Amino acid sequence: MHEVGILNQVLEMAIEAAEQECATKIVRLHLLIGELAGVVPEAMAFAFDVASAGTMAEGATFEWDTVKVRCRCSNGCPDFEPDNYVYACPRCGALASELLAGRELQLVDIDIET
Ligand SMILES: [Zn+2]
């Protein structure tokens, strides 16, 4: 489960940020997880419970928003969210020229107690 390695990095970042704020405890973490990030959010949440034990983030709420895939049409049609993995424009059928969103995997917010 490679979520564990990724999660450990996220946890380290969160703890570092919390320490800079002189926090004693992290109560909530919020992440953005793209559909193409290559991780299963539920597995991340599980890995978080395990990895955070004994740290200042133990017992914190682990939240995330899923980011849908968004593509840019190579013919200049409005950006679109593909329904499958072909990434063809729903208006003109051209293949997407660019992936605008969906690969995110980032820690966007933490709540702390000082
Ligand atoms: Zn198009």
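Reader: In this predicted model, what is the hand of the crossing of α1 and α2, right or left?
Author: The crossing of α1 and α2 is right-handed. That is the name used because the near helix is turned clockwise from the far one by less than a right angle.

Reader: Which residues make the contact between α1 and α2?
Author: From α1 come E3, V4, L7, N8 and L11, and from α2 come A43, M44, A47, F48, A51 and S52. Sorted by class, that contact has eight nonpolar, two polar and one charged residues.

Reader: How do you know that β1 and β2 pair, and in which sense?
Author: Pairing needs at least two bridges. Strand β1 (residues 25-34) and strand β2 (residues 61-67) have seven, in the parallel sense, so they count as a pair. You can look for R28 opposite T61 in β2, and for L31 with its bridge partner W64, also in β2.

Reader: Through which helix does the chain cross from β1 to β2, and with what hand?
Author: The path runs through helix α2 (residues 41-52), and this β-α-β crossover is right-handed.

Reader: What makes the pairing in the sheet mixed?
Author: The order is β2-β1-β5, three strands in an open sheet. β1 and β2 pair in the parallel sense, whereas β1 and β5 pair in the antiparallel sense over eight bridges. Both senses occur, so the pairing is mixed.

Reader: Which are the edge strands, and why are they called that?
Author: They are β2 and β5 (105-113), and each pairs on one side only. On average, neighbouring strands of this sheet are turned by 15° against each other, direction ignored.

Reader: Where does α1 lie?
Author: Helix α1 lies across β1 and β5, at about 40° to β5.

Note on methods. Residues are numbered from 1 along each chain as its sequence is written. This is a predicted model: local features need pLDDT of at least 70, side-chain atom pairs count only at pLDDT 80 or more; totals for chains, interfaces and linings use all residues. Helices (H or I, at least four residues) and strands (E, at least two) are DSSP runs, numbered from the N terminus. A crossover is right-handed if, with the strands pointing away from the viewer, the path from the first strand over the helix to the second runs clockwise. Two residues are in contact if their C-beta atoms, placed from the backbone, lie within 7 Å. Ala, Val, Leu, Ile, Met, Phe, Trp, Tyr, Cys and Pro count as nonpolar, Asp, Glu, Lys and Arg as charged, and the others, Gly among them, as polar. Axes are lines fitted to C-alpha atoms, for helices over the stretch in contact, and angles run from 0 to 180 degrees between N-to-C directions.
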